[in-house]
Amino acid sequence: VMMVPSSFCLIVQVLLWMARGVVVGAFLRVGTVASRIAGATTITNTDSPCVLYPSHRDRRHDRDRPFTTTTTTTTTADTSVRFLELRGGNQDSLDSTTPNNGTTVESFTPPIFEKTPDEETFIERVLEANFLFQDIISTIEEEQEEQEQEAEGQQQRQQKQQESQDQSQQSPKTSSSNDKKRRSSRSRRHGVDPNPLDRIIQAFERAEYPQGSYLCRQGDENADYLHIVYNGDCRVIIDGTSLPIPYGTMTRGSLIGDVGMLLDRPRAATIVTESPVVTVFRLDRKSFQHFLFYNNNNNNNNNNNNNNNTKSSTTKQQLQQQIQDIDAVIDQISGVKTKYHGNIIQPFQPCRKWLWSRWRGTILQHAWIAAVGNMVLSTLFIVGMRNFVRADWAVGMIPDTKNPVVARLLGLSKVWHYLMNLTTFILTFFLSQAYGLWRDLYSAGRKIQGRMNDIGMLLATTAERDPKTHEYTPRALRLLEDVATYTRLYHALSWANIAKKFAILLTPRGLSRMLSRGVMTRKQFDVLVSIRPNLCGPHYACLMWIMARALQGMKEGILPNDHAIKHTVIDKLLTLRGVQAGMGDSLDGRIPLAYAHFVQLLVDSFLLLAPFALYAELGVWSVPAVGLLTLFYSGLLDLSKILLDPLDNDAEFYNDSSVNMDIGVLIRESNSGSNRWKIGLETLPF
């Protein structure tokens, strides 16, 4: 009797829930339609006037809408929201779940913009060379592969179930038909997204900027866009100064703003358009982060969200650290920061007062720890000794040699003096050999600079000129610029081959970042990454480019094709190769292990015996004597080790020495000298 009213009440309650859902849905739909009708928004580009090109959705709703150089008007709600987000509008009112910590916004869909096939191919080539988007490609491919494997596994399970039920009725023809259907289904799945970059390319928006427009300003914390230069040139300004070539010019294919978005930090440079009209393709911040960090989470279950968020956060941190390391090296070789000085080694002043006041970068900064430790050992030994022998002499007096224990220490003192003579001779000879290696490496670095300057001067003085104007012909200018570019690349990559702190430039990501920073062209990048490093290093490839380009110029008549000039150019380049290879050989065989091991044991034994050997002769005064001996002998050994590592490859030992060479200075000097001869001879006084 009681069950009937309960069931009836349950049915009524369900109907009420359904009715409330219908009413709420109707109100929401009416609000959406009203916002689309009355929600037209005008967004003003306050940074720089530019022409924006409509997306697919824009063109469907308003195909004939005009575009101006100052404003962009949209008539659809979703596009208005997108432009408001890109221009820094009220994000909270649009999407309260905008992520900053690696979470996923499932409701966000990147915009789609129309492009010609040539434009799509251009963007694809640029993105494929950038290591950030290489990671995105690999992530998308892994995601597609997992989906295909899961679908194939489910299909196989269903097929096995059907075969077990209809095994007696299935014919060979039916089995063949199922195979064809399965292959067709697999091919269709593969055809859903044949190119993983397609979805990213579609989100890039085309825009045009007039001359003098700012794509970004140094210190700007709102990195709204990532730009790809399509046509035109842009100038790079840091701290109010335009950077030298090639670091100061962003040309076709250059990527601008990726670091600001990746690291969430203010823009490091000001980018100003230099051509009358500069055409770019730009990707907004939200789409960039969606593709880069959140793509892994879009198709996963809620049970795996925590793991995926952790993975995305870890990936972001790794990318940030790698790009910071690469940019730090590129900044050093380009000299874009005022913090990088112009001295290859720290200079000194001969004034005694100035030298005594130095601490940072000196041997004292490193050797004082060993000196203090040995003084503590000497003090403990003296205290224990006085208590053991019940010393009746004053603390500041010399110990009584009639004491049997002190008398025995006199024999140790004589042995220690013999050891001091041997240690002094061996250590000073070891120091002279270390300094010889340091000096040879420094001279080799300067010799490389000299040979590159010889080549630049020789080509600049003999390059083809117009007989009327006496200026370089266009093809002569191209040849000189090509040789200058190859010279800069060779010098930077050759040092990266032997210096650990610059070795990151030789990695695929390092080369990709050099391409983005305008250090090399796209064609040069493609050639370098296609060469297997174990067969031919990138620096050797650049060196051969110099020789091949010079010989090509001689054949084409741009350079004199006579035996003397050809022989001189080849001789300079071969000398350059030999000196550079010799530097690596010198570092590989800088000192035999047995030699360094013997010197270390000799010095340590000598200093360890000093507190015991000097007590019988000096008493309590052996404490400061032990400290001074340890400071100077240990300092000489440390100085020898530092001189054996002039490039600071053993950074864990001592990376703040005043004798380590600043390779960035050598590279920056060569960069500025690569165009010196062409500029100096561009106009003749006769």
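User: Why are H18 and H19 called roughly antiparallel to each other?

Analyst: Happy to walk through it! In this predicted model, the axes of helix H18 (residues 538–555) and helix H19 (residues 563–588) cross at roughly 175°. Angles over 145 degrees count as roughly antiparallel, so H18 and H19 are roughly antiparallel to each other. Their axes come within 11 Å.

User: Which residues of H18 and H19 meet?

Analyst: From H18 there are His539, Tyr540, Leu543, Ile546, Met547, Ala550, Leu551 and Met554. They meet residues of H19 including Ile565, Val569, Leu573, Arg577 and Ala581. By class, this contact of H18 with H19 has 14 nonpolar, two polar and two charged residues.

User: What makes H14 and H23 roughly parallel to each other?

Analyst: Here the angle sits at the other end of the scale. Helix H14 (residues 404–462) and helix H23 (residues 663–673) pack at an angle of about 10°. The cut-off for roughly parallel is under 35 degrees, and H14 and H23 are therefore roughly parallel to each other. Their axes are 11 Å apart. Arg446, Gln449, Met452 and Asn453 make the contact on the H14 side, with Leu666, Glu669, Ser670 and Gly673 on the H23 side. These residues divide into two nonpolar, four polar and two charged.

User: How do you know that Glu464 is partly exposed?

Analyst: Set its value against the limits. Glu464 has a relative accessible area of 22%. Buried means under 20% and exposed means over 50%, so with 22% Glu464 is partly exposed.

User: Where is Glu464, and what does Glu464 touch?

Analyst: Glu464 lies in the loop between H14 and helix H15 (474–498). Leaving out residues up to four places away in sequence, Glu464 touches Glu471, Tyr472, Thr473, Arg475, Ala476, Gly557 and Ile558. One of these, Arg475, is 11 residues from Glu464 in sequence and 8.3 Å away in space, C-alpha to C-alpha.

User: What makes strand S12 mostly covered?

Analyst: A simple count does it. Strand S12 (residues 277–284) has eight residues, and seven of them are buried. For a residue, that label requires a relative accessible area under 20%.

User: How do you know that S12 pairs with S4 and S6?

Analyst: Count the bridges. Two strands pair if there are at least two bridges between them. Strand S4 (residues 205–210) and S12 have six bridges, in the antiparallel sense. Strand S6 (residues 225–231) and S12 also pair over six bridges in the antiparallel sense. As examples, Ala207 has Val280 of S12 as its bridge partner, and Tyr225 stands opposite Asp284 in S12.

User: What makes a group of residues a nonpolar core, and how many residues does the largest one have?

Analyst: The members must be buried nonpolar residues joined through side-chain atoms within 4.5 Å. The largest such core here has 83 residues. Trp495, Leu505, Met514, Met520, Leu528 and Leu647 have the most contacts inside it. H14 gives the most to this core, with 17 residues. Apart from this core lies another, of 20 residues, among them Phe133, Ile201, Ala223 and Met261.

User: Which residues does Trp495 touch?

Analyst: Not counting residues up to four places away in sequence, Trp495 touches Gly445, Met583, Leu647, Ile663, Leu666 and Ile667.

User: And for the chain as a whole, what share is buried?

Analyst: Buried residues make up 42% of the 686 residues. The secondary structure comes to 24 helices and 12 strands.

How values were computed: Residues are numbered from 1 along each chain as its sequence is written. This is a predicted model: local features need pLDDT of at least 70, side-chain atom pairs count only at pLDDT 80 or more; totals for chains, interfaces and linings use all residues. Side-chain values use heavy atoms; hydrogens and water are left out. Axes are lines fitted to C-alpha atoms, for helices over the stretch in contact, and angles run from 0 to 180 degrees between N-to-C directions. Helices (H or I, at least four residues) and strands (E, at least two) are DSSP runs, numbered from the N terminus. Angles under 35 degrees count as roughly parallel, over 145 as roughly antiparallel, 65 to 115 as roughly perpendicular and the rest as oblique. Contact means heavy atoms within 4.5 Å. Ala, Val, Leu, Ile, Met, Phe, Trp, Tyr, Cys and Pro count as nonpolar, Asp, Glu, Lys and Arg as charged, and the others, Gly among them, as polar. Buried means under 20% relative accessible area, exposed over 50%, partly exposed in between (1.4 Å probe, protein chains only).
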